[in-house]
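Dear colleague,

I am handing over the structure below, and my notes on it follow. Please read them alongside the model.

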Amino acid sequence: MPPPIPKPSKWSKRIRPTSRSRSPPSFERDLVRENNKQLYIAINAIEGTKASLGGAYLASIIRDYNTDIRLRWQSTSSPEISPQVEAVSTNWYNPLLNFKLYMVPAILVVLLTAMAAMQSAFNIVQEKESGTIEQINVTPIKKHIFILGKMVPFLVLGVILFTLGLLVGWIFYGVVPAGSLWVLYASLIVYLFAMLGLGLLPATYSATQQQSMSLAFFFINIFNIMSGVFTAVDSMPGWAQAIVSTFPPASS
């Protein structure tokens with residue numbers, strides 16, 4: 001019977017903010033009997049520097065632990081069959097780090113945001129420039145009917161664009177939604193209504209299409225930068241996270 005395996009270093013308990021190691025109660029017994037046992041290590045990669053440092057610390061602890069085990073068991077077993085502890089990294093949701101799984105859905109949301117916000121703004125401002133909105137104001141058409149009439153065509157166009165984006169992602173990139181399509185399209189309709197409503201804001205205060213385009217482009221850039229596509233939301237300051245939580249693209 002080989003000597004007892006030393007307990008893991010106490011320093012592993014001090015890396016909890018970014019890294020965490022978990023070993024089952026039967027770790028020592030299974031390692032002695034089967035010469036093989038998995039050790040679970042979770043690394044929070046939101047803050048890259050701390051995650052890399054914490055992962056390096058844990059890997060160093062595991063290597064030292066492995067060396068200590070082999071030295072203690074060297075006299076009782078041959079080096080060829082001495083158990084080894086090996087750290088193997090994997091990633092949740094995208095184990096192979098395929099950038100297509102990240103970028104294809106993100107680009108599709110950016111296209112939907114730009115199309116819905118800018119087209120709804122252009123459509124209202126165009127009525128102002130041509131003078132037809134003054135004629136509409138004297139008709140018995142109610143305001144909510146007029147607004148819905150301007151939003152519904154772009155809502156249908158957004159659903160068609162989203163469907164085409166899913167087909168392109170599936171055919172050319174192999175990206176397929178893993179959840180329910182009904183839930184996906186229901187969320188899409190709510191999101192499109194929010195973006196179409198956002199397009200009405202610059203249209204209300206703009207007299208020309210150039211002004212509405214500038215205002216819509218300003219809001220879209222803020223949404224894209226703070227939506228989590230380029231920078232993780234969890235790595236932002238607390239006040240920025242509070243602001244981002246009110247942005248529809250942050251939840252898409």
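**L112 and its surroundings**

L112 is in contact (heavy atoms within 4.5 Å) with G158, L161, F162, L188 and L192, leaving aside residues up to four places away in sequence. This is a predicted model, in which local features need pLDDT of at least 70 and side-chain atom pairs count only at pLDDT 80 or more, while totals for chains, interfaces and linings use all residues. Residues are numbered from 1 along each chain as its sequence is written, and side-chain values use heavy atoms, with hydrogens and water left out.

L112 lies in helix 3, residues 99–130, helices being DSSP runs of H or I with at least four residues, numbered from the N terminus. Because its relative accessibility is 2%, L112 counts as buried (under 20% relative accessible area, 1.4 Å probe, protein chains only). Its C-alpha atom is separated by 9.5 Å from that of L157, 45 residues apart along the chain. Just after helix 3, G131 takes a positive phi of about 85 degrees.

Helix 6 (residues 181–205) packs with helix 7 (residues 209–226) at an angle of about 140 degrees, their axes being 8 Å apart (lines fitted to C-alpha atoms over the stretch in contact, with angles from 0 to 180 degrees between N-to-C directions). The contact is formed by M195, L198, L201, P202 and Y205 of helix 6, and by Q211, S212, L215, A216, F219 and F223 of helix 7.

Methods
Helices (H or I, at least four residues) and strands (E, at least two) are DSSP runs, numbered from the N terminus. Buried means under 20% relative accessible area, exposed over 50%, partly exposed in between (1.4 Å probe, protein chains only).
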